[in-house]
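Subject: Handover of a structure, with findings

Dear colleague,

Please find below the structure that I am passing on to you. My notes on it follow.

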Amino acid sequence: MMEGRSPDSPLEAARADPRAEKTIAWALDRALGEEYEQLRSQEGHRETWLLVQTILDAQHRHELARRIGACEAGSILEVGCGFGALSMELAATTPARVVAMDLSSSCLAAAKRIWRRLASLALLPRLDRLAFVQADVFSAPNRHSCFDLVVAERLAQHLPEPIMAIHHIADLLRPEGLAWLIDVDDGLSASWPEWSAPEAELRGLVAQLQQARGGDRLVGRKLAAFATEAGLEVVGTQVMTYSSWVRDSPLERAVAAQHFWSQRQAMIEAGVVSNAHFMEVYQAFLAEPPKERFVTSALVEVVAKRT
């Protein structure tokens, strides 16, 4: 969440940015906002909420890109890149050759549009510095021992076998290459006042669905152990926390509603909830007035080296 009053749309946020200089970061935020404006008019695009979350995470993304860029890697792979925002920022601000990889064809199609928009808004070194590949970490095509750095952000939480995924990441690295692993740990996050009963139940249903698929919302604390088991040497760990005192904006309420709704059918098919009960709780959530609350969220970051 953003501090203070949140804008009503991502594009509004980019246009209202106080930075006088149109930096790469500003241009990327603007391009992401324009893609959101296009996607929200298209019914059935299930990842719209993820794009908005990507925009709201801009501060974290900019800081992460700065720290990864400081490693001066010649080649970078991002697995599970989603809409590719981090890969774009790295390709635009470092000399590295960057590959953005995701299994979702719709996310990659949007990412390519965003990259073209970024080219029209900012001076890029070369458009060919970023390549998009449709694959997952288990099926990366012919790229063993190929990268100086592999980033996996918020990927392990969704996988039934995260250790195997990190084994595959290790195989993708050159000797002395770095795996940059970042993921959630709900045990390190908190809010006050606590979520309302409808929102708490909807969040719980999403977590149940993730768990039914083999996911783990506490995976952050396990990343270092997983990396060691995959034969990597852990060279750094930290917990990144983001705190704010906010009043829910229409945008943030809409993001949450889109997220819950996008998971509805999968919840029903997995037997997590009935359609009737979901609709009852969902309508109660939509009827709630905005609230002020303190929110702190946490991500665990582990950097590990292939020796």
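Predicted model: local features only at pLDDT ≥ 70, side-chain atom pairs only at ≥ 80, totals over all residues.

In which strand is serine 191 found? Serine 191 belongs to strand β6, which covers residues 190-192. Residues are numbered from 1 along each chain as its sequence is written, and side-chain values use heavy atoms, with hydrogens and water left out. Helices (H or I, at least four residues) and strands (E, at least two) are DSSP runs, numbered from the N terminus.

Serine 191 counts as buried because its relative accessibility is 14%. Here buried means under 20% relative accessible area, exposed means over 50%, and partly exposed lies in between (1.4 Å probe, protein chains only). When neighbours within four places in sequence are left aside, serine 191 is in contact (heavy atoms within 4.5 Å) with Arg293, Phe294 and Val295. Tryptophan 192 and proline 193 are joined by a cis peptide bond, with omega at about -5°. Proline 193 itself is placed in the loop between β6 and α8 (197-212).

The chain as a whole

The chain contains 12 helices and 8 strands. It has 307 residues, of which 51% count as buried. Of the contacts between residues at least 6 apart in sequence, 80% join residues at least 24 apart. The chain exposes about 14200 Å², and carbon and sulfur atoms supply 53% of that area. Accessible areas come from the Shrake-Rupley method with a 1.4 Å probe; for residues, only the protein chains shown count as cover.

Leucine 32 lies in helix α2 (residues 24-39). Its relative accessible area is 0%, and leucine 32 is therefore buried. Apart from neighbours within four places in sequence, leucine 32 is in contact with Leu51, Thr54, Ile55, Arg61, Ala85 and Ile114. The C-alpha atoms of leucine 32 and glycine 84 are separated by 10.0 Å, although these residues are 52 residues apart along the chain.

Helix α3 (residues 48-56) is mostly covered, with 7 of its 9 residues buried. These buried residues are Thr48, Trp49, Leu51, Val52, Thr54, Ile55 and Leu56.

Helix α4 (residues 58-69) has 12 residues and reaches 16 Å from its first C-alpha to its last, close to the 16 Å expected at 1.5 Å a residue. That expected span is 1.5 Å times one less than the number of residues in the helix. The buried residues in α4 are Ala58, His60, Arg61, His62, Leu64, Ala65, Arg67 and Ile68.

Two positive phi angles

Glutamate 72 is placed in the loop between α4 and β1 (75-79). Although glutamate 72 is not a glycine, it has a positive phi of about 55°. Its relative accessibility is 71%, so glutamate 72 counts as exposed.

Arginine 154, in the loop between β4 (147-153) and α7, also is a residue other than glycine with a positive phi, near 55°. Arginine 154 counts as partly exposed because its relative accessibility is 26%.

The cavity

A cavity is, on a 1 Å grid over the protein atoms alone, a set of points where a 1.4 Å probe fits but cannot get out; lining residues have an atom within 4 Å of a point. Grid points are joined across faces, edges and corners, and a volume is the space filled by probe spheres set on the points. The count comes to 1 cavity of 30 Å³ or more. The largest cavity has a volume of about 70 Å³. Its lining includes Ala152, Leu155, Pro162, Ile166, Leu181, Asp183 and Leu223. The elements that give two or more residues to this lining are α7 (162-172) and β5 (173-184), and α7 gives the most, with 4 residues. By class, the lining has 11 nonpolar, no polar and 1 charged residues. In this scheme Ala, Val, Leu, Ile, Met, Phe, Trp, Tyr, Cys and Pro count as nonpolar, Asp, Glu, Lys and Arg as charged, and the others, Gly among them, as polar.

Alanine 230

Alanine 230 is in the loop between α9 (223-229) and β7 (233-247). At 11% relative accessibility, alanine 230 counts as buried. Leaving aside neighbours within four places in sequence, alanine 230 is in contact with Ile166, His167 and Ala170. Alanine 230 and histidine 168 are 62 residues apart in sequence and 8.6 Å apart in space, C-alpha to C-alpha.

With kind regards

Key. 1 Å grid on protein atoms, 1.4 Å probe; cavity = no way out; pocket = protein on both sides within 12 Å on 5 of 7 lines; lining within 4 Å.
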